[in-house]
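Student: Could we go through this structure together? I would like to begin with the contact between the chains and then turn to the sheets.

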Amino acid sequence: MKKDRVFALVMAIVLIAAVLMAGCSPQPAASPEPKPAKYGLFMSHMTNAFTIELSDAVKAKAAELGVALTVYDGGNDAAKQLGQVETAINEGISAIIIEPVSVDGIIPAIEQAKKANIPVVTVNQNISKPELVTSFVGVSHVEGGSLEMTTAMEALGGKGNIAILDGPMGSDAQIGRDEGYSQVMAKYPDAKVVFQQTANWKTDEALKLVENWLQTGTEINAIVAENDGMALGALKAVEDAKLLDKIKIYGLDATPDALAAVKDGRLAATVSQSTTEQGTKAMEAAYKIVNGEKVDAQIMVGHTLITSANVDQFIK
Amino acid sequence: MNRLSALTRLNKKGLDLSSLRELGILIAFVLILAVLMILSPNAFARPSNFINILKQASINGILATGMMYVIISGGIDLSVGSIVALTGVVSASFAHPGEYPLVVPILLSAVIGTLIGLLNGAGVAYGSIPPFIVTLGSMTIVRGLALIAAHGSPVFNVTKAYEALAGGFLFDTIPHLVVYFLVVTVICAFVLTKTVFGRRVYAIGGNEVAARVSGINVNRMKLAVYSLSGFLAGMAGLLLASRTVSGNPTSGQSYELDAIAAVIIGGVSMTGGSGKWYGTVIGALLIAVIGNGLDILNVSSHFQLLIKGSIIVIAVLLDIKGKARQT
């Protein structure tokens, strides 16, 4: 039984060390004034380059404005995010900035916020009842998809076989980008989609999927992916099959690794959805609303096409 | 008595009743292969596709080999998917061009994987915590560590040598991944069937009390078994990061379930004490064949989940029926 105790002691020490380490990391400083404005950023998750860049931009803007901001990680779980927002409302938060996990699931909490007169700014992904939201800051995913597919079509001269890698089916970005793809494809009757499947934003899933597609011997002239992570998986599969001179690959998000691949000429293009700008503008909008200024109900940020011609401006 | 008989059976050489079960899996495997070859003679049935399938089975196969040891010993290891993510991230962080020699990321993966496995084993053996709970805890902790180490986003920009670890080819045709899978399988199969250590793995899974009474150091065996699973998961993490040319903190999610599925499909009993190494190999191959075949036939990934799940349940059903017939 002594060993039990030793083991429990070791676990306790590890736990205390972890708490201390977490405690030492920088926390948003609480302002000493009575009832200062408290902002909450509710992220759908914090596990990829895009969400990290977005939350970093909001944090940077909050620091610049000198306001207190708490960041909540929804862990891609709609129920968890709902609970986080409800708790924050009870604690008397001043404004909510949210990137919702689910376009529908978050509605009860947003209605609660509306009742409590707490302004809500949605960022990047809107909710299914946009009238509940004070302001939406984001991009049109249809536009992003359309820009990406147009680039691919022009490079192929409007004809050829296309393979599409979808995001998780049913997410706001997947639905919008697919619609953008379809709109462009409708203009080019000589081009056709030979494969279309989800790889859930993931590099390893896309890699396996494209390896299998290439095995079918079906001619593919371009692979269009709804994010860069999947585009890089496709790139690896195509390079392994020594087909990069025959298949062009397109991504979206402008993540650092994708930019590097564009610079090397391996990825044909990626599309930036101006992530940092989205975060900055969302924080700015929330700040203005709390301080009694009016903001637009929709603040749209543009997409930028990135090819080898202009990639250097985007590499940090 | 059933478990004890499993123990005594092992001492007998040659064919025994339980091999009928693996035979059943083998027949099912060949049947599925045949159906897919008929449905897709020009794509699925190409030799290059078989190499492709072996490649895609390799990482899960390596994880499944470790998982097989753990399950035969009467445990379970849910942490392997998270270990894949952590070692992928850490090894990729130490594989940037012009920083460290290639041996550093390789050793780090091995050490980190083994260490986490050792802690799992310590929790099970000395903490007397059920394996499901220990590894559920470490699965969550290690996923957290992977996200912390990677600051939430993928680690990229690795050396060509690192990329070639998994991405290269032997004699320009056989992917390195397949070679590793083969080496791991041969060594682990040998240890499991031809050494005292292997027989003890069966013994502690078959009847822990009997094993203890007969002088086996059960706690030390558990440490070893979980360390092995952790080590192989560390290697799998290194190989996955090399294969995708980036260390991704969200990678490896539900890989533990695929590994467990391969082991179960292969006829290894979840209650421990019995199972064959070649069953696990067939299980891993079967999962890869289904994924590959359905992708080639352009079947939606949603239906693929349905089919994979059904096969797991059918395999276990065969397992239970097979056991009932033996007693």
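Predicted model: local features only at pLDDT ≥ 70, side-chain atom pairs only at ≥ 80, totals over all residues.

Student: How many residues of chain B are in contact with chain A?

Tutor: On the chain B side there are 41 residues, and they are in contact with 30 residues of chain A.

Student: And what area is buried between the two chains?

Tutor: The buried area is about 2900 Å². Carbon and sulfur atoms give 52% of that area.

Student: How many salt bridges cross the interface?

Tutor: The rule finds three salt bridges between chain B and chain A. One of them links A:Glu211 to B:Arg243, with the closest N and O atoms 2.7 Å apart.

Student: Which elements of chain B give two or more residues to that contact side?

Tutor: They are helix 3 (47–72), helix 5 (103–125), helix 7 (160–167), helix 11 (218–243), helix 13 (277–296) and helix 14 (301–326) of chain B. Helix 3 of chain B gives the largest share, five residues.

Student: What is that side made of, by class?

Tutor: The side of chain B that touches chain A has 24 polar, 12 nonpolar and five charged residues.

Student: How many residue pairs are in polar contact between the chains?

Tutor: The count is 14 residue pairs, with both residues at pLDDT 80 or more.

Student: How many salt bridges are there over all chains?

Tutor: The structure holds 15. Among them is a pair formed by A:Glu211 and B:Lys55, whose closest N and O atoms are 3.2 Å apart.

Student: Why does that pair join two chains?

Tutor: A:Glu211 lies in helix 7 (residues 203–215) of chain A, whereas B:Lys55 lies in helix 3 of chain B, so the pair joins two chains.

Student: Now the sheets. What is the strand order in the six-stranded one?

Tutor: In chain A, six strands form an open sheet in the order 2-1-3-4-5-11, with parallel pairing. Strand 2 (68–73) and strand 11 (298–300) of chain A are the edge strands, each pairing on one side only. Neighbouring strands are turned by 15° against each other on average, direction ignored.

Student: Which residue stands opposite A:Ile97?

Tutor: A:Val121, in strand 4 of chain A, stands opposite A:Ile97. Strand 3 (residues 95–98) and strand 4 (residues 120–123) of chain A pair in the parallel sense over three bridges.

Student: Which strands does helix 3 of chain A touch?

Tutor: Helix 3 (residues 78–90) of chain A packs on this sheet and touches strand 1 (38–43), strand 2 and strand 3 of chain A. The direction of the helix makes about 175° with that of strand 1 of chain A.

Student: What about the sheet with four strands?

Tutor: That sheet of chain A is also open and parallel, in the order 7-6-8-9. Strand 7 (191–198) and strand 9 (248–250) of chain A each have a single partner strand, so one side of each is left without a neighbour in the sheet. The twist averages 20° from one strand to the next.

Student: How many bridges pair strand 8 and strand 9 of chain A?

Tutor: Strand 8 (residues 222–225) of chain A pairs with strand 9 of chain A over three bridges, in the parallel sense. A:Ile223 stands opposite A:Ile249, which is in strand 9 of chain A.

Student: And where does helix 6 of chain A lie?

Tutor: Helix 6 (residues 172–186) of chain A lies across strand 6 (160–166), strand 7 and strand 8 of chain A. This helix runs at about 170° to strand 6 of chain A.

Notes: Residues numbered from 1 in each chain as written. Chains lettered and ligands numbered in written order. Heavy atoms only, no water. Contact = heavy atoms within 4.5 Å. Buried area = accessible area lost by both parts, 1.4 Å probe. Salt bridge = Lys/Arg side-chain N within 4 Å of Asp/Glu carboxyl O. Polar contact = N/O pair within 3.5 Å; in protein donor to acceptor, adjacent residues only side chain to side chain. Nonpolar A, V, L, I, M, F, W, Y, C, P; charged D, E, K, R; others polar. Pairing = 2+ DSSP bridges. Axes fitted to C-alpha atoms, helices over the stretch in contact; angles between N-to-C directions.
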